[in-house]
Every structure is written in structure tokens, then in C-alpha cells.
Amino acid sequence: MTHGIRIRIAAFLVLSAVGIVYIAANYLGFVDRVLGRGITVHATLPTSGGLYEGSEVTYRGVKIGKVSKMEATRDGVTLTLGLEDGTKLPLDSPMYVHNLSAVGEQYLDFEPPDDKGPYAENGSTIAGSAESLPVDESDLLIELNQFVSSVDKANLQVVVRELGDLFENTGRPLQQLLDNGQRFVHEAAAHTAETIRLLDTGRTVLATQQGQGENIRSFAKDLRGITDALAGSDKDLRTTLQLTPGAVTEVDQLLKDLEPTLPVLLGNAISINQVVVSHLAGVEQLLVTYPRTISAGFTGTPGDGYGHVNLQFDNSVQPCTKGYKPPSTWRPASDLTDSPIYPAQCASGPPYVMRGPTHSPGSAYNSSSGRVYRGTYDPASGLVQGAVDRHGNPVRLGDQGNLSIMGSDAWKWLLVGPVAK
């Protein structure tokens with residue numbers, strides 16, 4: 001071995017020894033103590049929580065030092081923390097003991113609410129509490145054992161068996177549900193603005209539903225009453241549903257059989273209804289006067305006690321035809337198409353029977369004929385509004401009472417009674 005090789009080996013050994021000593025001294029904190037680097041902070045805990053000398057100290061998960069010393073006290077444990085030089089640790093930082101790995105290695109983590117001061121300095125003490133400690137494994141196992149023991153085994157077997165029946169042969173639907181859920185989440189994330197708008201709108205809808213809570217509960221209560229009634233009439237409903245198809249078939253066949261004539265009948269009914277509506281006041285007056293006249297008729301006729309009505313038609317004066325379409329231009333009843341309105345009205349004048357609302361009598365006394373024409377009848381007062389007698393007095397329609405007391409002259413009251421004061 002040459003002299004140069006011996007020098008190189010000696011230099012390597014010296015440098016290796018220096019490096020090992022430096023690394024060991026740095027790991028043990030001797031270098032920081034000698035050089036005066038780092039910050040020494042104290043922390044108090046009720047128990048060690050599994051910490052040991054050399055455990056890491058982190059700031060929100062970032063390593064800032066380690067536990068250099070532990071001392072047991074009357075109130076718990078005092079930790080001496082060697083922090084890196086320049087560390088700004090707020091004094092109001094809560095601390096927690098966490099597990100670093102699955103085998104149970106613990107570390108001390110500071111989780112301040114913000115990064116504002118004042119900050120810890122050499123000799124500062126930060127106090128911890130029972131909330132800073134993790135759950136003890138023995139307590140966890142004891143409570144877990146008590147929980148498991150509290151479950152009834154027979155009922156647990158039933159639950160497990162029912163869960164097995166529930167999820168039997170549902171692998172593919174569950175997979176589709178999860179896949180569609182993931183697709184839904186991706187779509188919602190791709191349309192964030194629309195999703196936020198939907199959530200805001202949904203919040204408004206839910207607030208409205210909350211405001212209408214009483215109405216919704218009332219509606220649900222009434223709906224429950226309806227469903228209970230339907231449930232009670234289940235037999236009748238089933239009978240109705242069973243017979244309905246046959247009845248519908250019969251009605252459909254009836255409508256098909258009446259197809260040539262039913263539209264004509266309905267068309268004529270519409271025409272009659274229009275006539276009745278245009279003379280509604282007169283129909284109302286007839287319905288008011290006719291029952292009173294008939295009720296008095298049985299007591300106002302002598303002999304058999306029954307009223308006899310004699311209806312005569314005067315055909316000496318022909319009806320007015322001028323102003324109307326001639327019969328040759330009339331449309332057949334089978335023509336159901338719309339046609340323009342023809343302004344029909346009597347254009348002949350007296351003595352023809354003039355028809356139409358323009359020639360209807362008014363609501364006042366006609367001195368030429370000596371008649372009191374129709375008016376609006378007020379059942380409360382008995383007055384015929386707008387009708388007066390020949391002396392200008394209002395006409396009152398009253399109850400004629402029992403006319404049999406008038407003897408043979410009772411029938412005359414049928415004529416003058418309705419228009420008498």
C-alpha cells in the first residue's frame with residue numbers, strides 16, 4: 001500500500017467520523033444547543049397520550065420540531081418542545097395528539113385558527129386539555145365490546161338475513177345506480193353555474209313549501225280522508241270499473257246510432273236556448289206568476305173544484321213575413337255549417353203580428369190596451385218593478401189566499417187579483 005493511498009483512507013475515515021458525529025449531534029439537538037439555534041417551548045397535557053421523547057411536532061401537518069423532554073407533574077405531563085429556528089407558532093394554538101401510522105406512533109400537531117400573533121418564544125407554555133388527547137385504545141375496545149354485546153344476536157341474524165334478501169340479485173342495478181350517480185356528479189361539476197342556480201331556486205321552492213306547511217298538512221289530511229273513503233268503497237269501485245267498459249261501449253253505440261239526428265236535435269236545442277235567454281225576464285215572470293195562479297185556481301172555481309184552462313189562438317191576422325227569408329231559401333236541418341247572421345225583423349207593421357224584441361211591450365201601463373205589461377218581479381216586496389196601473393200606482397203581486405170564500409164570484413178574482421193593489 002502506497003503512502004498516497006494511506007492518506008486517502010485516513011482522510012475518508014476522519015470525514016466519515018465527523019459526518020456521523022455531526023448527524024448524531026444534530027439529531028440529538030446538540031448542534032442547536034451549542035450554536036444557540038431553535039426555540040424551546042413547553043406544553044402541558046393531562047397525560048402523554050402515547051407521546052415519547054423524540055416524537056415529531058407539526059404545524060398543521062408540517063414538521064417544525066420534536067419533543068425533547070417529558071416530565072410527569074401533579075396535574076399531568078409537561079413537554080419540552082424543541083422547535084426550528086424562525087418558527088412562528090401562535091400562543092392560542094390548540095394542539096392534538098394524532099397517530100402517525102397504523103402501529104400507533106403518535107405526534108403532536110398544532111392547529112391554530114389563524115396565523116396571527118402573539119407567537120411563542122423561548123420559555124413560553126401552551127396548555128392542552130383532555131380534548132387534545134386521542135381516544136384511549138382500551139376505552140375504545142371496552143365501549144366497542146359493550147356496544148356489540150348490547151345487540152340482540154337473534155335480531156341481528158334476522159337483520160343480516162333480511163339485508164341478504166334485500167341485496168340479492170341487485171348487483172347490476174346497484175352498479176348502474178353508482179355509475180349514474182357518478183355521471184350526475186360529473187355533469188353537475190361541468191355546469192357549476194347552472195347547478196348553483198338550481199340550488200338557489202330549490203332553496204326558494206323549499207322555503208315556499210315551508211311557508212305553506214299548514215296548507216300542505218291540511219291537504220294531506222283531506223287526501224287521507226279521500227283515500228280512506230275510496231278504500232271503504234273498494235268493492236263498489238271495482239264493480240264500477242268492471243261495468244264501465246260495457247256501459248261505455250253501449251253509450252258509444254247509442255251515439256253512433258243517433259249520429260244522423262243528434263246533431264240536429266242539439267242544434268235546435270241551441271236555437272231554443274238562445275230564444276229563452278233573450279226572453280229570460282219574461283220566463284222568470286211566468287215562473288213567478290204561474291204557480292200563484294194555479295194555486296188559487298183550485299179554490300176559485302165553483303163546482304168540481306178543479307181549474308179549467310181555455311187557450312184560444314186567433315188566426316184572423318196572419319203573422320208578419322216581410323223582413324224574413326222566404327221558405328225557399330231556408331237551410332235544411334241537416335246543414336250544420338256556420339252561416340252569416342241574417343238581421344231578420346218584421347217590416348210590415350200593423351195589423352200583422354210583429355215579432356222580435358223591438359216590438360215587445362214595455363214595462364209600463366199601456367193606456368190604449370188597458371194592460372199592465374211585464375216588469376221585474378221582486379219576491380221580497382212583491383212589487384213588479386217598472387209596472388204601474390192606470391192611476392200610476394205601482395203593481396204589487398200578493399198572495400191571493402183561499403178564494404172559495406167568495407162563492408160563485410171567486411173565478412172573477414183570478415182575472416183581477418194579480419193586477420190589483
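Mentor: Let us begin with one side chain in this predicted model. Leaving aside neighbours within four places in sequence, Phe110 is in contact with Val57, Thr58, Tyr59, Arg60, Leu81, Leu89, Ser93, Pro94, Met95 and Ile126.

Trainee: Which residues of the largest nonpolar core touch the most other members?

Mentor: The general idea is that in soluble globular proteins nonpolar side chains tend to be buried together. Here the largest nonpolar core has 21 residues, of which Leu79, Leu81, Leu83, Leu108 and Phe110 touch the most other members. Two or more residues of this core come from each of E1, strand E2 (56-59), E3, E4, strand E5 (95-99) and strand E6 (106-110).

Trainee: Is strand E4 enclosed or open, and how many of its residues are buried?

Mentor: A residue counts as buried when its relative accessible area is under 20%. By that cut-off 6 of the 7 residues of strand E4 (residues 77-83) are buried, so E4 is largely enclosed by the rest of the structure.

Trainee: Which strands pair with E4, and in what sense do they run?

Mentor: In a regular strand the side chains alternate between the two faces of the sheet. Strand E1 (residues 39-45) pairs with E4 in the antiparallel sense over 7 bridges, and Val41 has Leu81 of E4 as its bridge partner. Strand E3 (residues 62-72) also runs antiparallel to E4, to which 7 bridges join it, and there the bridge partner of Met70 is Leu79. The hairpin of E3 and E4 has 4 residues between the strands, and in this hairpin Gly76 takes a positive phi near 155°.

Trainee: How should I read the charged side chains, and how many salt bridges are there?

Mentor: Side chains of opposite charge can pair when their charged atoms come close. With a limit of 4 Å between a side-chain nitrogen of Lys or Arg and a carboxyl oxygen of Asp or Glu, the count comes to 5 salt bridges. One of them joins Lys69 to Glu71, with the closest N and O atoms 2.9 Å apart; Lys69 is partly exposed at 40% relative accessibility, and Glu71 is partly exposed at 38%.

Trainee: Where do Asp234 and Arg238 lie?

Mentor: Both lie in helix H8 (residues 234-257), 4 residues apart, which is about one turn of the helix. Asp234 and Arg238 form a salt bridge whose closest N and O atoms are 2.7 Å apart, and Asp234 counts as partly exposed at 35% relative accessibility. Another salt bridge brings together the side chains of Asp335 and Arg331, at 3.3 Å from N to O.

Trainee: How many helices and strands does the chain have, and what share of its residues is buried?

Mentor: The chain has 11 helices and 12 strands, and buried residues make up 16% of its 421 residues. Its accessible surface comes to about 32,000 Å², of which 60% belongs to carbon and sulfur atoms.

How values were computed:
Residues numbered from 1 in each chain as written. Predicted model: local features only at pLDDT ≥ 70, side-chain atom pairs only at ≥ 80, totals over all residues. Heavy atoms only, no water. Buried < 20%, exposed > 50% of the residue type's maximum accessible area, 1.4 Å probe, protein only. Pairing = 2+ DSSP bridges. Core = buried A, V, L, I, M, F, W, Y, C linked by side-chain atoms within 4.5 Å. Contact = heavy atoms within 4.5 Å. Areas by Shrake-Rupley, 256 points an atom, 1.4 Å probe, with all protein chains shown as cover.
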